[in-house]
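Please look over the model below before reading on. The report that follows takes up a chain contact, a helix pair and some backbone angles.

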Amino acid sequence: MLSILRTIWYVFLHSFQKRITVQYPEQKPYLAPRYRGRIILSRDPDGGERCVACNLCAVACPVGCIALQATEDKNGRRYPEFFRINFSRCIFCGYCEEACPTYAIQLTPDFEIGEFHRKNLVYEKEDLLINGPGKHPGYNFWRIAGVKIGGKEKGEAAHEAVPVDVHTLLP
Amino acid sequence: MTSPHPILSILGIVVVALSIAAFLIWVERRLLALWQDRYGPNRVGPFGLLQVLADSIKIFMKEDWIPPFVDRPVFVLAPAIVFVTVLMSFAVLPVAPGIIVSDLNVGLLFFLAMSSLGVYSVVLAGWSSNNKYALLGGLRAAAQMLSYEVFMGLSLMGVVLLAGSFSLPAIVEAQKKVWFVIPQFPGFVLFLIAGLAETRRIPFDLPEAESELVAGYHSEYSGMKFGMFFVGEYMGVSLISSMIAVLFFGGWLGPVLPGVAWYLFKMFFFIAFFVLVRAALPRPRFDQLMSWGWKVMLPLALINLLGTGAAVLVWR
């Protein structure tokens, strides 16, 4: 009997406690920088696309929401002809970001991507590409990769020695 | 004797009772939210006040579906009974001097009779639904309300003894010196508990216990028929709160403010208390509920009645 009255009293004391509700649209919660929200494609510091269309993100994606087509430009740089993410399928697991060898695909702390029509949730490359390097400011894949592309011969990449010509070593 | 403007009183009390019942939905949600450290509905209109309007538009627009397996006439009649009986009880309620629909000299008995008739609504709803959960809810409601009715009436007899009348305005007038809550404190506690059980609210909501019986007696109801049960429940809450205010806290009596204001203030105080109890207490088991009613509350009510009778005999 006493415990009932005590319960009622303690519940009543909650009238004077702070409410824990976050009044969402006016008052936004803090989201960590590594929060897994809307996916973007970043660019390297020179402004070129980072994505080399290796398809690893599409393979890693457990729901298969990423579709892309690889192609090459005149310098021999691989890039995606189209890059499509279906956000109505995406589960924001971040596996694509982990799989990406060039830090191109990244998840951002933006989750407000609600739409009235499902087809509007299919994002194309121009929707996904941003103008900056995202979470990895100095990283430029083509400058450190030992791959030959137009404007960069073998051995010219950062931290790379000029390749040895095996034919000159012949006795 | 009736009031000078019976039609005005009838219209006023019906309109006010219905709008308070609708308004209570908002009050309850906000208060529950307050005690659970939330905000509750605060988006529609100022402080979310228009939530009531939005809810009622929604419930009126809903399909009012009658399942093919129910006993149609009884199924349709049941929600009307709860509505009618509760509204009839409001007829004998003295809001302020002169503002009463009908000053019956057996007003208190009329109230008890009407709240007993209200059981029919729940039982018939549960029975006619042809659904085992609804039937169980109806059976529980019948057993619970009948057993709590007994000591509800007995707990009020102390008040009648002290006031010497069954007429509610006379009972209020008899509290000019001291509110009956002081000489009749056990009766007040008993009536509070019985009133909670009569309105079938948590912790006495076993007839509709949603964790056991889907929604109990109104499982099969939809649309405005469900809305009638809902509004009927809230009108029952305001009725019981008004009765507590009238019988134990001097109704309209109070300094400075007009009688209606005091009456409404006391009523809302007890409505808030009902919501607080809902926020705080869990539901007992059904056998606990029954044995509590018959083995504890009924003897206590009888002892209270005996003690009051003896005291009245000695001092008068």
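How many residues does the contact take from chain A, and how many from chain B? Chain A gives eleven residues and chain B gives ten. On the side of chain A that touches chain B, five residues are nonpolar, five are polar and one is charged. Note that this is a predicted model.

**Helix α8 of chain B**

Helix α8 of chain B runs over residues 223-248. Does its length fit its residue count, or where does it depart? The 26 residues, at 1.5 Å a residue, should span 38 Å. The end C-alpha atoms of α8(B) are 37 Å apart, which agrees. Is α8(B) mostly covered or mostly open? It is mostly covered, as 23 of its 26 residues are buried. After α8(B) comes B:Gly250, which has a positive phi near 70°.

**Packing of α8(B) on α9(B)**

Two packed helices are described by the angle between their axes and by the distance between those axes. Helix α9 of chain B covers residues 259-280. It packs with α8(B) at an angle of about 120°, and the axes are 8 Å apart. Angles over 145 degrees count as roughly antiparallel and 65 to 115 as roughly perpendicular. The pair α8(B) and α9(B) is therefore oblique. The crossing of the two helices is right-handed.

Which residues make the contact? From α8(B) come B:Val237, B:Ser238, B:Ser241, B:Ser242, B:Ile244 and B:Ala245. From α9(B) come B:Tyr263, B:Lys266, B:Met267, B:Phe270, B:Ile271 and B:Phe274. By class, the contact of α8(B) with α9(B) has eight nonpolar residues, three polar and one charged.

Most residues other than glycine have a negative phi. A:Ala53 has a positive one, and so does B:Asp37.

Is A:Ala53 buried or exposed? A:Ala53 counts as buried because it has 22 C-beta neighbours inside 10 Å, and 20 or more are needed. B:Asp37 has 13 other C-beta atoms within 10 Å, so this residue is partly exposed.

Key
Residues numbered from 1 in each chain as written. Chains lettered and ligands numbered in written order. Predicted model: local features only at pLDDT ≥ 70, side-chain atom pairs only at ≥ 80, totals over all residues. Helix = DSSP H or I, 4+ residues; strand = E, 2+ residues; numbered from the N terminus. Expected span 1.5 Å × (residues − 1). Buried ≥ 20, exposed ≤ 12 C-beta atoms within 10 Å, placed from the backbone. Contact = placed C-beta atoms within 7 Å. Nonpolar A, V, L, I, M, F, W, Y, C, P; charged D, E, K, R; others polar. Axes fitted to C-alpha atoms, helices over the stretch in contact; angles between N-to-C directions. Parallel < 35°, antiparallel > 145°, perpendicular 65-115°, else oblique. Left-handed = near helix turned anticlockwise from the far one by under 90°.
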